[in-house]
Amino acid sequence: MSRLFSSALMLTLIATKAFAVATMDGSIVGDEPFYGSALSTQNTRTQYGDANTGDPINGGTGSEIDQVFGRVSNGRLYVLVTGNLEPNFNKLEVFIDSGKPGGVNTINGAALPVGVDGFCCGGIGTPDGALQRMNGLKFDTGFNANYFLTFTHGFETVNPNMPDEDKFWALTAHYADLTQGTNGAVVPAGMQLAYRGLPNVLRFPGDYNHNGTVDAADYTVWRDTLGATVPRGSGADANGDKTITAVDYSTWATQFGANTSLSGYSYAPQSPTEAASEALLGPTLPGLAQGQLIDRAYAQSLGGCTADSGAGCSAKEFEFALNVDPSEVGTNDSKHRNFNNSIDLQMALDDSNTDGVRSALTDESPPFSLVPGTDDPQNVTTGLEFSIPLSQIGNPTGDIKLTTFISSLGHDDMSNQVDGTGIYDQGAGTGANIGSEFFSSSPIGSFDDIPGNQYVTIANSGAGSASSVPEPASGVLATVAIIVGSFHLRRRLSLPRADAC
């Protein structure tokens, strides 16, 4: 019997490892066995600035792509793009070639869905949007984009210039189906309000014991740890310098009496010098798991919102996810975003990287000069991670191709940060931005003119559908049940034990 359960335990451990999935936290750390080796490592120095603060939200004035990881598992596509995305609404653009009919090799904005990330580009109710801003973009020969995802983050506002104005940080995502022409689905998927996919909101610093109020008890926490060295942003480290000092006391004194509960006003760390994002982590949101998105359905259920006017919301930020207030049709003065995660997208951002490719320039104006130093993109472990069901990218039966790159706020200026195996100025490491400088014939650029492939390929045997792969728990339980059932069957039939032969 002991051998039986030892075998069952071994099979359980094997099954658990075989069916493990990535933790949706924007990091490769701990998920190396799941993702395996990087599919792409690029070393072109970025002209979109260099991140340098180490903050998970305020990484600094830099955007770069270092490595790309991907895997198909249990009916979903998992992707991690390590690097940085500046919180100024620069975009991480992701095009997916799932091998299905209807893909496009060149973006023709007039023949594709409008309104993708429409609030960015005036696309709601107008013939505009992210895809129209990328008009003329040509992919590598053999890459035909079927689906599009775009991610961005920065400091949002609901009810601007109104008495109940609220500013906050948010990571948002949008999706489009490119296989149906102008009739393709457009999905403003949703948002997250905390770094690393955590189901939390951000609140004012100073609530060192996290009881919902900056009060005398927080002073006690500060006093008892004064001079101590702590992890960044933990305990009474309000400014993120890893040491409890008089500065942290000043923060407490300034915020004394502030409400940091779910109903309290949020905090937008718009400058890295204002506070460490690690110190701003507020209450956990009910019923939300790490990596899940907040959309209108969540806002109107667990978020408490009773109408698209924003009434009843338990956190002010939830109003951002609602549909346009019926009283504001045509104006949307409250800046609602119509979020609806009908595609079951998951995501997470950790913007704390300070390694990787360096900035190609010391500034963004002539005369340009190179920044000395060593680049180490292979060492970057954090960035933006997402997961999407295969059913939302056409149920591919073969390998999946992925092109990712960074572009500007308006989707209309492509950086030189691109995945793949291409050799676009890789040796010199000083490549100009593709859209604005490298290709004079197109405002957005052409990957086909760059040697190599500006995409990665993610292996997909066709066996990754949810129906063909059991959930980890069910697979393990089934294995144990078979073993235990076989043991009882042997007992009933009086069969000889295996170790008696």
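Me: Which residue in strand 7 is the bridge partner of alanine 173?

Reply: This is a predicted model, in which local features need pLDDT of at least 70 and side-chain atom pairs count only at pLDDT 80 or more, while totals for chains, interfaces and linings use all residues. Residues are numbered from 1 along each chain as its sequence is written, and side-chain values use heavy atoms, with hydrogens and water left out. Strands are DSSP runs of E with at least two residues, numbered from the N terminus, and two of them pair if DSSP finds at least two bridges between them. Strand 6 and strand 7 (residues 186-192) pair in the antiparallel sense over 6 bridges, and the partner of alanine 173 in strand 7 is glycine 190.

Me: How many bridges join strand 5 to strand 6?

Reply: Strand 5 covers residues 147-158 and runs antiparallel to strand 6. One of its residues, threonine 152, has threonine 172 of strand 6 as its bridge partner. The number of bridges joining strand 5 to strand 6 is 12.

Me: How many of the 12 residues of strand 6 are buried?

Reply: Buried means under 20% relative accessible area, with exposed over 50% and partly exposed in between, using a 1.4 Å probe and protein chains only. Strand 6, residues 166-177, is mostly covered, and its count of buried residues is 11.

Me: What is the residue that follows helix 5 and has a positive phi?

Reply: Helix 5 spans residues 216-225, a helix being a DSSP run of H or I with at least four residues. The phi of the residue in question is near 90 degrees, and that residue is glycine 227.

How values were computed: A polar contact is a pair of N or O atoms within 3.5 Å; within protein, one must be able to donate a hydrogen and the other to accept it, and residues adjacent in sequence count only if both atoms are side-chain atoms.
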